[in-house]
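Hi everyone, thanks for coming. I have one structure to show you today, so let me put it on the screen.

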Protein chains: 6
Amino acid sequence: MGDIEKFQQERAELNELVMKYAGLGTKRFYSLDPQAYREGALPVKTKEMLGLLASFVLRCDDCIKYHVIRCHEEGISTEEFEEALFIGLVVGGSITIPHQRRAMKAWEALQNKSADQPISP
Amino acid sequence: MGDIEKFQQERAELNELVMKYAGLGTKRFYSLDPQAYREGALPVKTKEMLGLLASFVLRCDDCIKYHVIRCHEEGISTEEFEEALFIGLVVGGSITIPHQRRAMKAWEALQNKSADQPISP
Amino acid sequence: MGDIEKFQQERAELNELVMKYAGLGTKRFYSLDPQAYREGALPVKTKEMLGLLASFVLRCDDCIKYHVIRCHEEGISTEEFEEALFIGLVVGGSITIPHQRRAMKAWEALQNKSADQPISP
Amino acid sequence: MGDIEKFQQERAELNELVMKYAGLGTKRFYSLDPQAYREGALPVKTKEMLGLLASFVLRCDDCIKYHVIRCHEEGISTEEFEEALFIGLVVGGSITIPHQRRAMKAWEALQNKSADQPISP
Amino acid sequence: MGDIEKFQQERAELNELVMKYAGLGTKRFYSLDPQAYREGALPVKTKEMLGLLASFVLRCDDCIKYHVIRCHEEGISTEEFEEALFIGLVVGGSITIPHQRRAMKAWEALQNKSADQPISP
Amino acid sequence: MGDIEKFQQERAELNELVMKYAGLGTKRFYSLDPQAYREGALPVKTKEMLGLLASFVLRCDDCIKYHVIRCHEEGISTEEFEEALFIGLVVGGSITIPHQRRAMKAWEALQNKSADQPISP
């Protein structure tokens, strides 16, 4: 199991744990969260990049990784991804560089994974 | 002179002061900054929204106001603007609400200003 | 009109503006927010102090002022208030001191206001 | 040795290292820190929740874990714990979710640990 | 009364207010704070620049202004001041730019003030 | 291979990955970064301490470790190092303590490493 799969499995397991204890308020927040990224006046792709940038400048590795995966799923190109992170780098400064490194490592893993997958007939 | 014009004039005056004292490094940073928002794989409009979101969750009123103005200049619709800020609100939490209020006040001022301007012949 | 009343009026006006533009998501967030401070396993008084501390270490003056007013309304004593802010000062460091000053100024204003009000017959 | 014990041992070892090098100022700060959580106008239980919330919205996993353990020692109920974190989630936004997951994991570990311990005769 | 004097007077007044309400803990913190900037293995001048940088990247205008004044009092040159802020700009990113502008405005005010003062006989 | 060497190797590998994908903007930022720490009106030693403090209060472990190594290379004494971190502790508060622990662990590793190295003839 690769790094991406491990991340997603652990995330799912811990989300289940949060829900086990969650009160009504926490449950509502967790259902509000995906609503922010749904198709609307802005396309999903743009919204995922906005979520990525917000996570990037706030420097949360788990949040960044989640949005890197989502951006990849939405078909964002490497050039678009890099340009988005560059904005984050300029706004957030060199303190974001370790997060940029890890974001790029996740991106690379996703590229290689895509390349490995045979085209389904 | 309206609030927006006052903001832009003060910003220009203080930028001049920064440049008066700036070393080569600071000058290079200030010329790198606009490069991040230039047309590329991503359109300027998307880049300005990314800058807005980054500024919003980092809660810098001056930076938010600057990008609100730029988003308006790039023709972002009110729906797009609101959806972008909603992502910021979910990611950044209720601590961003005072900034959302002021961002909306600036947006409203920009709308009214546009409405006031006679269509040039 | 005192500083506290001015703050509350401006807050109400801008909230109205946010709601004028708000999509369904933003509206849900704004209705989720007060839910966090409602009586539950923890009393309202404790919850307001938790909101105060969170706002204090995140250094948002408007959020701090709002919770200072709410703490006062919930009958928190000056000793309790001061002890809560001291925890914020230790956790958040001297960078919170300007916010502590302004929080204390708002507290003082609330104390004087209470003292001024005649006991209604 | 469980995760909680490992955390506490490593914390103790590194504190010793800090003290080995500490000047008078650092030593004073380290003795001021526990003073903030001592019984006063506010009970220890409330103070530990305030420390938890401050650590939660500032997103420091080690600090959160420490206060989760202390909250558990002070006999905070699961409902109280969950309500406190919900305030943190609303104030701090979805960027705190990974920390909420890990806080809940630590809470679960503490619950299981308590359940395992035989009632001393 | 200039901007610098007004800032210092307001700061002194509010500090007095904090002290009026302060418990023993808060008082100890306030006496620990100046200890951090006292002559030691590092000279006061370096320590004030360290305090300036910390305040700058944490983006607290009042704290920045305080350390700008102290740096000026310690005889830091304009070149040294600008180089220190450039490090802050690179580490903290463009989000620090509005603070850099205001820091420079305070610096300019201090330069002009020094120039105005007649050399005492 | 010790912890310091592992850190430096991983850092170098990931920097290479960032550069593989980097656009012109990102490349320029990465070349601007070392410029901030070059000899100027302020000596390199002071600049590295400024970078350390900025990283410390912004609580980025990788950035802290990098500057701890650089401070050691520039011949900063243990007393100077400890005094700098004490300023960070006071400004940034107890939330920085876990980072102070890890900074001290890295410092200790560097001291031991230096002691191990035979004096070259």
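I'll walk through how the two chains meet and then how they are related. Please keep in mind that this is a predicted model, so every value I quote is computed from it.

Let's start with the interface. On chain A, 26 residues are in contact with chain B, and 26 residues of chain B take part in return. How much area do chain A and chain B bury between them? The figure is about 2400 Å², and 80% of it lies on carbon and sulfur atoms.

Now for the polar side of things. Between chain A and chain B there are six residue pairs in polar contact, with both partners at pLDDT 80 or more. Where on chain A does that surface come from? Two or more residues each are given by α2 (24–35), α3 (44–57) and α5 (78–92) of chain A. Sorted by class, the side of chain A that touches chain B holds 17 nonpolar, four polar and five charged residues.

Charge also shows up across the interface, as the count of salt bridges between chain A and chain B is two. In one salt bridge, the side chain of B:K47 meets that of A:E83, at 3.0 Å from N to O.

Methods:
Residues are numbered from 1 along each chain as its sequence is written. Chains are lettered from A and ligands numbered from 1 in the order in which they are written. This is a predicted model: local features need pLDDT of at least 70, side-chain atom pairs count only at pLDDT 80 or more; totals for chains, interfaces and linings use all residues. Side-chain values use heavy atoms; hydrogens and water are left out. Contact means heavy atoms within 4.5 Å. Buried area is the accessible area (1.4 Å probe) that two parts lose on being put together, summed over both. A salt bridge is a side-chain nitrogen of Lys or Arg within 4 Å of a carboxyl oxygen of Asp or Glu. A polar contact is a pair of N or O atoms within 3.5 Å; within protein, one must be able to donate a hydrogen and the other to accept it, and residues adjacent in sequence count only if both atoms are side-chain atoms. Helices (H or I, at least four residues) and strands (E, at least two) are DSSP runs, numbered from the N terminus. Ala, Val, Leu, Ile, Met, Phe, Trp, Tyr, Cys and Pro count as nonpolar, Asp, Glu, Lys and Arg as charged, and the others, Gly among them, as polar.
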